[in-house]
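User: Hi! Could you walk me through this one before I set anything up?
Analyst: Happy to, here it is.
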Amino acid sequence: MDTKKLQKIVVLGTGGTIAGTAARAEDLTGYTAGQLGVQLLLSGVPGLSETLQGDELVSEQVAQLDSKDMDHATWQALALRSAHWLGQSDVRAVVITHGTDTLEETAWFLQQVLHTDKPVVLTCAMRPATALAPDGPQNLRDALAVARDPRAVGVLAVCAGQIHTAQRVQKVHPYRLEAFSSGEFGPQGWIEQGQVRWAESPTRSAEQGHAHHALGVPSANWPWVAVLHSHAGVEARQIDAWVQAGLKGLVVAGTGNGTVHQGLMSALLAAQAQGVAVRLTTRCAEGALVGPVAAFQAAALGLNAYKARVSLLLELIAPGHH
Ligand code: SIN
């Protein structure tokens, strides 16, 4: 890739707290997410020309929502717009402003459906744009610095001066600015005074774009894939109800090393026998399942339940492409 010829960075807005507004500057929780347009967010970032080093910025509003309400149609639209821009020879990277709540799911979805060598950098904020000290402008500036870094590859998340990969990133705190973690791996890198410092240079992973066929299937036809947590007193009757209602895939967040409450087992085995694809992961915050586990296939790559749901969804949309 001749990086000198690339001169555009495209910023796609989807909403989130980074675009949120509150009635009072000191209100950091009672705000409405997804209010301000992405162009306005960019105009609020000081010193952008220093970060961009002559690159042109193009922005587009793809959605305007609180990411707790993220849906498959928005994912499809976002992926198609990202693919459109990434396919232009003068586009260096795509940056996406997103809510923090489901950022890790969107990142993992995009990682699997975007067939590209160019970086896609998601960024966000924990405080609304109207806060006394909003974190959005700094995060956006940092994301643009990562997008311009020649070593950046794949789908990355930038928040609070840290870079995380789509595979490892997870929201771990409901309030503090450093809300994301890559668990026991630590961040992939940092942005310090506009400079990117990689802990380990990112590499193109085997998952990048492997499910791009899914984008050709209208999201209304994507199968229903749910997450079920195993816990004390859990009821099996919800599984039977889901299967009757048309469930096609189920990710079970098991206890510890992928154990499942005995009260769930016969309903899960019956669902599997009826053709529901069942994957097992752990509800533990860190680590991956070790050794052989229960009667169900373990989710790949030590993914958490929400990302394992995305993988299973894509597997069921485009069977034969995995
Ligand atoms: C959202 O996820 O859209 C709201 C919360 C946030 O961005 O921090």
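Analyst: What follows is a quick chat about the fold and its domains. Keep in mind that this is a predicted model.

User: Good to know. How is the chain divided?
Analyst: There are two parts: domain 1 covers 3–198, and domain 2 covers 223–321. Their C-alpha centres are 30 Å apart.

User: And how many helices and strands does the chain have?
Analyst: Eight helices and 14 strands.

User: Let's talk about where the domains meet. How many residues are in contact?
Analyst: On the domain 1 side, 15 residues are in contact with 13 residues of domain 2. About 1,200 Å² is buried between domain 1 and domain 2, and carbon and sulfur atoms give 56% of that area.

User: What about salt bridges between domain 1 and domain 2?
Analyst: The count there is zero. Polar contacts are another matter: nine residue pairs make them between the two domains, with both residues at pLDDT 80 or more.

User: Nice. Which helices of domain 1 touch domain 2?
Analyst: Helix 3 (72–86) and helix 4 (103–113) each supply at least two residues to that side of domain 1. Helix 4 gives the largest share, with six residues.

User: How do the residues on that side of domain 1 divide by type?
Analyst: Six are nonpolar, five are polar and four are charged.

User: Changing topic, what does the C-alpha trace span along its principal axes?
Analyst: Roughly speaking, about 60 × 45 × 35 Å.

User: And how does the radius of gyration compare with a compact globule?
Analyst: It agrees: the chain has 20 Å, and a compact globule of 322 residues would have a value near 20 Å.

Terms used: Residues are numbered from 1 along each chain as its sequence is written. This is a predicted model: local features need pLDDT of at least 70, side-chain atom pairs count only at pLDDT 80 or more; totals for chains, interfaces and linings use all residues. Side-chain values use heavy atoms; hydrogens and water are left out. Domain bounds come from an automatic or database domain assignment. Contact means heavy atoms within 4.5 Å. Buried area is the accessible area (1.4 Å probe) that two parts lose on being put together, summed over both. A salt bridge is a side-chain nitrogen of Lys or Arg within 4 Å of a carboxyl oxygen of Asp or Glu. A polar contact is a pair of N or O atoms within 3.5 Å; within protein, one must be able to donate a hydrogen and the other to accept it, and residues adjacent in sequence count only if both atoms are side-chain atoms. Helices (H or I, at least four residues) and strands (E, at least two) are DSSP runs, numbered from the N terminus. Ala, Val, Leu, Ile, Met, Phe, Trp, Tyr, Cys and Pro count as nonpolar, Asp, Glu, Lys and Arg as charged, and the others, Gly among them, as polar. The radius of gyration is taken over C-alpha atoms; the globule rule is 2.2 Å times the number of residues to the power 0.38.
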